[in-house]
Amino acid sequence: MDGPFFIIVHPMPSDSTDGDTWVLFQICMNALNCRHGQKAAACAAPDGRGNMDRLGDLEIFARVASTGSMSQAARELGLSPPVISKRIKRLEERLGTRLLQRTTRQIVLTDSGRGFQERVVAILGSVDEAE
């Protein structure tokens, strides 16, 4: 395997019962090094999608959370609003929780979404720093 590889550890309250931190850790590790010893680009996630695609889902979520708008996030990322919506829905399904409360006028983070956003921002910051 080619290196370097980084392990990103983010503390989680000991009384937490959610699996978000483990999911984020898996996504990050998969993005850096596939569990089969292949480079991330050559290894598909268990659901058949590439690992970098999963990291992209985190970037999309972070942008939607920071802008409060799927349309604005889509413009900033150069994607269409339906693609943004689909990727957020897929992320929520993978995590088994709703991250955003959507209405016709606004998008608000749920409690799970706020906690997840904090972790995602820290992880993306660590990835940027590592690069």
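Predicted model: local features only at pLDDT ≥ 70, side-chain atom pairs only at ≥ 80, totals over all residues.
Residues are numbered from 1 along each chain as its sequence is written, and side-chain values use heavy atoms, with hydrogens and water left out.

**Overall architecture**

The chain has five helices and two strands, arranged along the sequence in the pattern α-α-α-α-β-β-α. Helices (H or I, at least four residues) and strands (E, at least two) are DSSP runs, numbered from the N terminus. Of the 131 residues in the chain, 36% are buried; buried means under 20% relative accessible area, exposed over 50%, and partly exposed in between, with a 1.4 Å probe and protein chains only. Among contacts with a separation of 6 or more, 51% join residues 24 or more positions apart, where contact means heavy atoms within 4.5 Å.

**The nonpolar core**

The largest nonpolar core has 21 residues, and those with the most contacts inside it are F61, V64, I88, L100 and F116. Such a core is a set of buried Ala, Val, Leu, Ile, Met, Phe, Trp, Tyr and Cys residues joined through side-chain atoms within 4.5 Å. Two or more residues come from each of α2 (51–67), α3, α4, β2 (107–109) and α5 (111–130), and α2 gives the most, with seven residues.

F61 lies in helix α2 and is buried, with a relative accessible area of 0%. Leaving aside neighbours within four places in sequence, F61 is in contact with I88, L91, L99, L100, L109, G113, F116, Q117 and V120.

**Packing of α3 against α4**

The axes of α3 (residues 70–77) and α4 (residues 81–95) come within 8 Å and cross at roughly 110°. The two helices are therefore roughly perpendicular to each other. Axes are lines fitted to C-alpha atoms, for helices over the stretch in contact, and angles run from 0 to 180 degrees between N-to-C directions; angles under 35 degrees count as roughly parallel, over 145 as roughly antiparallel, 65 to 115 as roughly perpendicular and the rest as oblique. Helix α3 contributes M70, S71, A74 and L77 to the contact, and α4 contributes P81, I84, S85 and I88.

R87 is buried, with a relative accessible area of 15%. A polar atom of the R87 side chain lies 3.0 Å from the backbone oxygen of D53. Leaving aside neighbours within four places in sequence, R87 is in contact with D53, G56, D57 and I60.

D57, one of these partners, is found in helix α2 and counts as buried at 1% relative accessibility. V83 has its place in helix α4 and counts as partly exposed, at 33% relative accessibility.

The table lists residue pairs by their separation in sequence and by their C-alpha to C-alpha distance.

| Pair | Separation in sequence | C-alpha to C-alpha distance |
|---|---|---|
| D57 and L91 | 34 residues | 6.6 Å |
| F61 and F116 | 55 residues | 9.5 Å |
| V83 and I60 | 23 residues | 9.9 Å |

Note on methods: Polar contact = N/O pair within 3.5 Å; in protein donor to acceptor, adjacent residues only side chain to side chain.
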